[in-house]
Amino acid sequence: MAYLKIGELGGLTNTNIETLRFYETKGLVVAPRRSDAGYRLYTGQEVDRVRFIKRARLMGFSLREIEELLSMEKSTCGEVKELAQQRLLDIEERMGELTRMKAALQQITDACVGGDEPATHCTILHALQVLPICRLSHDTQFHYQIMAGISHSGGVPLLNSSPTRTVGP
């Protein structure tokens, strides 16, 4: 049986050597046998496993979720699908958060005239200093969103007299 050293495994899977060692410490990659000189010796199974991990990471799965996926060989397809559907929900939630962040940032950026004025007159910095912050909660994660209370009036941010504070998307 032909064995691969860690650098060869890294090359075949396009994975950094330190990342491979990290996966080993987390139990995602089984500790390989060692040569007489102490080199890690991997087989084709580890190549497949590392590629699985990388594909799962590209789809947004956390290392904990990947560990769960790797241990689901004796589970049902429905159980695997349930985990994947939860990942989809998490991604959709994150996309909503990013959309709200983009809108708030776009609003304060659009209100700024730019120019050569000193930064002490910058409407973006002013908005970040004075606008209310609303805490949004989803499960155990807390997200902060600047509630943009800016109108376009000569590039000067005008705060709403009573900024809207909402909880939820």
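A charge is taken to sit over a ring if NZ of Lys or CZ of Arg is within 6 Å of the ring centre and within 35 degrees of the ring normal. In the predicted model described here, the charged end of K5 meets this criterion over the ring of Y39, at 4.5 Å from its centre. The model is predicted, and local features need pLDDT of at least 70, side-chain atom pairs count only at pLDDT 80 or more, and totals for chains, interfaces and linings use all residues. Residues are numbered from 1 along each chain as its sequence is written, and side-chain values use heavy atoms, with hydrogens and water left out.

The chain contains six helices and four strands, assigned as DSSP runs numbered from the N terminus (helices: H or I, at least four residues; strands: E, at least two). Their order from the N terminus is α-α-β-β-α-α-α-α-β-β. Of the 169 residues, 29% are buried (under 20% relative accessible area; exposed, over 50%; partly exposed, in between; 1.4 Å probe, protein chains only). The accessible surface of the chain is about 11,700 Å², with 55% of it belonging to carbon and sulfur atoms (Shrake-Rupley method, 1.4 Å probe; for residues, only the protein chains shown count as cover). Among contacts (heavy atoms within 4.5 Å) with a separation of 6 or more, 49% join residues 24 or more positions apart.

A nonpolar core is a set of buried Ala, Val, Leu, Ile, Met, Phe, Trp, Tyr and Cys residues joined through side-chain atoms within 4.5 Å. The largest such core comprises 18 residues, and L9, L28, V29, Y42, I53, F61 and I66 have the most contacts inside it. Two or more residues each are given to this core by α1 (6–13), α2 (17–25), α3 (44–58) and α4 (63–70). The largest share, four residues, comes from α3. Apart from its neighbours within four places in sequence, L9 is in contact with L4, L20, Y42, E46, V47 and V50.

One aromatic pair is present in the structure. The ring centres of F22 and Y23 are 6.5 Å apart and their planes lie at 50 degrees, so the pair is tilted (rings of Phe, Tyr and Trp, its six-membered ring, pair if their centres lie within 6.5 Å; planes under 30 degrees apart are stacked, over 60 edge-to-face, the rest tilted). F22 is partly exposed, at 36% relative accessible area, whereas Y23 is buried, at 7%.

K26 lies in the loop between α2 and β1 (33–34) and is partly exposed, with a relative accessible area of 47%. The C-alpha atoms of K26 and E67 are 8.8 Å apart in space, at a sequence separation of 41 residues.
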